[in-house]
Amino acid sequence: MKLSHIAAIVLLGTTLTLPTFAQPGPGGGMGGGYRFDNSNTSGWTLMTETERNEHRQKMWNSKSYDECKGIQIDHHKLMEERAKAKSVTLRQPRYNACDRMKARGYFK
């Protein structure tokens, strides 16, 4: 097989697979994988890994901005109680996850 044939096959294969890399990642198409972490979740360090996963699922499963805010408020109250019990200051998130989800069109 000639080198030009091999190059053509490689080029064709690369061209056909590139669109699959451009598809939305986890998180329902929210910018390639919107995440909940210590930058947008109060009390992240006060939760176990299981609790983080449960909170993440609740947030993803919220159907409206108001429902998201309700989950956030309830979560924040719980984290305030934990922080107080441990005599630590509850750090505020750098940005609001519900506001960002709304801005990105996650809620209809």
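The model is predicted, so local features are reported only where pLDDT is at least 70 and side-chain atom pairs only at pLDDT 80 or more, whereas totals for chains, interfaces and linings use all residues. Residues are numbered from 1 along each chain as its sequence is written, and side-chain values use heavy atoms, with hydrogens and water left out.

**Nonpolar cores**

- The largest nonpolar core has 9 residues, namely Phe36, Met59, Trp60, Cys68, Ile71, Ala97, Cys98, Met101 and Phe107; such a core is a set of buried Ala, Val, Leu, Ile, Met, Phe, Trp, Tyr and Cys residues joined through side-chain atoms within 4.5 Å.
- At least two residues of this core come from each of helix H2 (49–61), H3 and helix H4 (97–103), where helices are DSSP runs of H or I with at least four residues, numbered from the N terminus.
- H4 gives the most to this core, with 3 residues.
- A second, separate core of 6 residues includes Trp44, Leu46, Met47 and Met79.
- In soluble globular proteins, nonpolar side chains tend to be buried together.

- Gln72, which lies in helix H3 (residues 65–85), counts as buried because its relative accessibility is 16%, buried meaning under 20% relative accessible area, exposed over 50% and partly exposed in between (1.4 Å probe, protein chains only).
- The side chain of Gln72 makes a polar contact with the side chain of Asn96 at 3.2 Å; a polar contact is a pair of N or O atoms within 3.5 Å, and within protein one must be able to donate a hydrogen and the other to accept it, while residues adjacent in sequence count only if both atoms are side-chain atoms.
- Apart from neighbours within four places in sequence, Gln72 is in contact (heavy atoms within 4.5 Å) with Met59, Asn96, Ala97 and Cys98.
- With the same exclusion of neighbours within four places, Cys98 is in contact with Met59, Tyr65, Cys68, Lys69, Gln72 and Phe107.

**Aromatic rings and charges**

- There are 3 aromatic pairs, counted when ring centres of Phe, Tyr and Trp (its six-membered ring) lie within 6.5 Å, with planes under 30 degrees apart taken as stacked, over 60 as edge-to-face and the rest as tilted.
- Tyr106 and Phe107 form an edge-to-face pair, 5.4 Å centre to centre with 80° between the planes; Tyr106 is partly exposed at 22% relative accessibility, whereas Phe107 is buried at 12%.
- Ring pairs link Trp60, Tyr65, Tyr106 and Phe107 into a cluster.
- The charged end of Lys102 sits over the ring of Tyr65, 4.6 Å from its centre, which requires NZ of Lys or CZ of Arg within 6 Å of the ring centre and within 35 degrees of the ring normal.
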